[in-house]
Amino acid sequence: MDMIVHPTPRLSGEIGALSSKNYTTRYLLVAALAEGTSTVYFPAHSEDSDAMRRCIQDLGATLVEDDEKAVITGFGRHPRDVKELNVGNAGAVLRFLMGTAALCPGVTFVNTYPDSLGKRPHDDLITALEQIGVQVEHNNGRLPITIRGGQAKGGRITVSGEVSSQYLSSLLFLTPLLAEDSEIEVTGDLKSKVVIGQTLEVLEQAGIVIHASDDYTHFRVPGNQSYQAKTYTVQGDYPGSAAVLAAAAVTESDVLIKRLPVQSKQGERAVVDVLQMMQTPLTHENDEVHVRGNGKLKAVEFDGDAATDAVLAMVAAAVFAEGTSRFYNVENLRYKECDRITDYLAELRKAGANVEERQAEIIVHGRPEGVEGGVEINAHYDHRVIMALTIVGLRSKQPLRIKDAHHVAKSYPQFFDHMKALGAQVEWVK
């Protein structure tokens with residue numbers, strides 16, 4: 001399905017932010033690892049979180065869900081003895097649960113996506129688990145992977161942070177439940193430090209004590225702890241909300257987005273600061289962002305490394321800013337669902353934007369008068385590109401047609417419903 005975005009001078013209304021999938025998967029897991037019943041309000045529904053729901057039930061948790069909450073009775077340190085777990089294509093869920101599986105006698109993670117998750121190696125986590133007495137059978141570091149647990153003992157663990165922070169998170173979920181204390185040392189350059197902050201935040205809320213060095217290279221974990229049954233509220237997702245906030249900034253607007261905490265540990269929270277630097281009139285208090293846009297923006301320079309998933313939306317806003325904006329330290333955008341520098345800028349140019357690329361930079365020469373539009377653009381099946389191009393369409397002189405826009409559902413299935421609710425003139429076409 002394609003989406004036609006018509007010029008829309010005004011947006012107004014209020015929405016609740018999409019829920020964060022990172023927090024949802026973590027809350028579901030800590031609820032399962034608790035004895036007793038926990039409640040998770042506003043859990044996200046995405047491929048990852050649905051895989052976690054399925055697997056914790058297979059491991060013996062009960063889950064009852066309605067429109068606003070999931071009620072979970074956990075299995076504590078005694079998961080059910082299951083022979084197989086299927087995480088689908090959810091890499092984070094696989095890695096988190098490989099640690100939890102060390103509490104099971106023997107469980108095999110099956111390979112249902114041989115061309116995707118099945119190709120990804122997990123050697124760094126396997127090596128770390130073997131250091132605490134877990135036997136792992138694997139296919140060259142890849143699925144299918146069998147974990148023979150039941151004998152895991154705390155102690156000294158070394159894990160590499162070079163490939164993924166998910167290996168470290170997996171160990172942080174497991175080690176508090178072991179009888180002995182553990183010391184975890186991280187080697188190499190730890191990727192996605194921001195996300196380790198989210199793991200530690202959730203563990204603390206679940207009543208777990210972990211002593212972390214400031215640079216996250218060293219962790220001391222007291223053993224014999226228990227997860228407590230609690231009530232959790234999943235915060236709104238800043239990466240998805242970035243596009244809605246940027247849309248409000250480039251139009252005449254009065255838009256309120258709820259459930260975006262001021263003190264969030266999501267790196268993409270920076271979108272609020274960047275829009276303020278661009279002189280967008282907005283307030284951020286009581287977990288609400290209120291934008292009263294006037295469509296007038298000033299150029300900005302921003303290090304995009306900590307807020308990777310919000311950069312495309314900020315670039316779209318900069319298309320209409322006065323002056324030249326520069327987003328630097330963003331090379332990792334090239335290795336996403338598409339090359340989010342070359343591919344995205346090619347489509348922006350078609351719409352009439354004046355943009356340049358470097359290997360690790362995006363430079364935007366703003367056009368406050370708007371862009372021509374009136375073209376069909378290819379979003380490269382990428383949810384973030386689809387959302388960012390929608391922002392540009394609102395300020396184009398002629399409508400933009402975005403090919404295959406239904407792929408927005410990868411992260412934000414309600415995006416166009418939310419945009420319509422705020423007054424955006426958008427329509428699906430075949």
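Reader: What should I keep in mind about the numbering and the model?

Author: Residues are numbered from 1 along each chain as its sequence is written, and side-chain values use heavy atoms, with hydrogens and water left out. The model is predicted, so to speak with care: local features need pLDDT of at least 70, side-chain atom pairs count only at pLDDT 80 or more, and totals for chains, interfaces and linings use all residues.

Reader: In what order do the four strands of the open sheet run?

Author: First the terms: helices (H or I, at least four residues) and strands (E, at least two) are DSSP runs, numbered from the N terminus, and two strands pair if DSSP finds at least two bridges between them. Here the order is 25-27-1-28, with mixed pairing. Strand 25 (376–378) and strand 28 (426–429) are at the edges with a single partner strand each, so one side of each has no neighbour in the sheet. Strand 25 pairs with strand 27 (residues 400–403) in the parallel sense over three bridges, and Asn378 has Lys403 as its bridge partner in strand 27.

Reader: Is Ser20 buried or exposed?

Author: Relative accessible area decides: buried means under 20%, exposed over 50%, and partly exposed in between (1.4 Å probe, protein chains only). Ser20, in the loop between strand 2 (10–16) and helix 1 (21–32), counts as buried at 2% relative accessibility. With contact meaning heavy atoms within 4.5 Å, the residues Ser20 touches include Ala44, Val234 and Gln266, not counting residues up to four places away in sequence.

Reader: How many salt bridges does a search of the whole structure find?

Author: Side chains of opposite charge can pair when their charged atoms come close. A salt bridge is a side-chain nitrogen of Lys or Arg within 4 Å of a carboxyl oxygen of Asp or Glu, and the search finds 24. In one of them, Glu65 meets Arg53 (2.9 Å, N to O). Glu65 belongs to strand 4 (residues 62–65) and Arg53 to helix 2 (residues 47–58), twelve residues apart. Glu65 is partly exposed at 29%, while Arg53 is buried at 6%.

Reader: Which parts does the pair of Arg326 and Glu361 tie together?

Author: Their side chains meet in a salt bridge (3.0 Å, N to O). Arg326 lies in strand 21 (residues 324–328) and Glu361 in strand 23 (residues 361–365), so this pair ties together parts 35 residues apart in sequence. Elsewhere, salt bridges that share partners join Asp309, Glu337, Arg340, Asp382, Arg384 and Lys410 into one network.
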